[in-house]
Amino acid sequence: MRKLFFFLCTHVPKQRAKFTRIMESCQKKQKLETPTELSDMPDDLIFKIFSFLPFFKEDLATRFISEYGKGLWNPDPNAIFDDESLDMTCMSFVYGSLMSKDAQILDSLHLKLRKYYIASDINFLVQLGVNRSMRELRIDFFGKTLELPCCLSTCTTLKVLVLDHLNIMSVPGWFRLPSVETLQLSSVTGGSNYVPSLIRLCSVHERLVVDQNRNKDLVNINVPTLRSLSIDNKRRGHVPLGSFWINVPSLMFLNIKDTFQTIFESMPAMIKANIEVAHDQSQSVKFIESLTSTRHLCLCSPTSENPYPNGTKFSNLVHLKLCTCSAGWQNLLACMLNDAPNLRSLTLKLRQKSDVNPKKVWEKPTVVPECLSTRLEILKWRDYEGTEHEKDMVGYILANATFLQRATFSMKDRNQCDSRFSELQSMERVSEICEFVFD
């Protein structure tokens, strides 16, 4: 009954007196004691109570009460509320949350809200999830402005919050997300300070995901405790995108796709980075220079000349994946091999087909990189095409990688596999234990 009175007082205050009269009438007619749970009430009273609530549908409420009474209803730990198809699955979340005697754990709640709603309607649905100790909440608002549900400030179980395709005008100073560890923002707008404002809400913030920055101003992400950051800021169509300034000294995992100028400060704790950038020359230099501490690096960069300053060392780099789509990939690879003395695994892959061809065959250095003569054990070449430039590079690696244990090659054109594989096997290799694998 406490939950029932809470919802009626919070979301339908004008109906409180009417509800009280209906309940008293039912008690007199059926001579019932005051029930302690909504499920203990007679069906007609439950039905009237449901009629006061948002999103009420008579046929669905009747079906739910019938299934609930027969013991056929089982709560779903992953609830989706889609207002375009208010079927039994959607409404059972609402009705079941009110009638449940036990506080079943809700793994995730996904709200897909296309129509116009006042703040109390959204707060009502989110409160149901809070009552069931939800761990993940996703709100798709289809371009409308969202007022953050106030009940989230008291939710201590929520770990993941995903906001998709919406606008946030302001964040109250008192608002907090006490237990959120992962914040994901997809096509969210709201001025230059909306990201810092949302980050400030999280007392425990370990992971941030930003998909498209549609604000023209530079967005600052200054989070000393952030461990994981994912940014997808590639242009899609003609939608204008903004840029970022990022200061995350504790960052360990980075995943970024960017076509504009994102500025990074030093990241000394970096372990793994997946990078796809299309910056201008000067920005690429600064960006790659900030990755010197990483152990795992996946890099797709258009840089062709002077990819980073001389003297830059990637002393911790053990695993390197490099895209061969740009004209300067050989030059970039040569520099990385020379400046990563502890490299053990090298993967080359054509991530996306490019019309830009290397200007000339790579000139072999006079001094063999330290990683080739002392460390490199694994070579993988995905989408190998057997071009002059590719054969030149693989021939150099096989001839100088003393401790190479396995060389794996795969090709898109199956019709030319046999001839190209035969060509690879005939190349000189310095490692006596190297095994060739073709897949």
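This is a predicted model: local features need pLDDT of at least 70, side-chain atom pairs count only at pLDDT 80 or more; totals for chains, interfaces and linings use all residues.
Residues are numbered from 1 along each chain as its sequence is written, and side-chain values use heavy atoms, with hydrogens and water left out. Local features need pLDDT of at least 70 and side-chain atom pairs count only at pLDDT 80 or more, whereas totals for chains, interfaces and linings use all residues.

**Overview. The chain contains 12 helices and 18 strands.** Helices (H or I, at least four residues) and strands (E, at least two) are DSSP runs, numbered from the N terminus. Of the 439 residues, 49% count as buried, a term that denotes under 20% relative accessible area, with exposed over 50% and partly exposed in between (1.4 Å probe, protein chains only). Among contacts with a separation of 6 or more, 62% join residues 24 or more positions apart; contact means heavy atoms within 4.5 Å.

**View 1. Three strands form an open sheet in the order β7-β9-β11.** The pairing is parallel, and two strands pair if DSSP finds at least two bridges between them. The edge strands, β7 (219–222) and β11 (263–264), each pair on one side only. Four bridges link β7 to β9 (residues 244–247) in the parallel sense. Ile221 has Ile246 of β9 as its bridge partner.

**View 2. Helices α9 and α11 are in contact.** The axes of α9 (residues 329–339) and α11 (residues 388–400) come within 11 Å and cross at roughly 10°. Axes are lines fitted to C-alpha atoms, for helices over the stretch in contact, and angles run from 0 to 180 degrees between N-to-C directions. The two helices are therefore roughly parallel to each other, a class that covers angles under 35 degrees. From α9, Trp329, Gln330 and Leu333 make the contact; from α11, the residues are His389, Glu390, Asp392 and Met393.

**View 3. Thr156 lies in the loop between β3 (136–140) and β4 (160–167).** Thr156 is exposed because its relative accessible area is 58%. Ser133 is 23 residues from Thr156 in sequence, and their C-alpha atoms are 7.9 Å apart.

**View 4. Glu428 lies in the loop between α12 (417–425) and β18 (435–438).** Glu428 counts as exposed because its relative accessibility is 64%. Residues up to four places away in sequence aside, Glu428 touches Gly395, Leu398 and Ala399. Tyr396 is 32 residues from Glu428 in sequence, with a C-alpha to C-alpha distance of 9.0 Å.

Terms used:
Angles under 35 degrees count as roughly parallel, over 145 as roughly antiparallel, 65 to 115 as roughly perpendicular and the rest as oblique.
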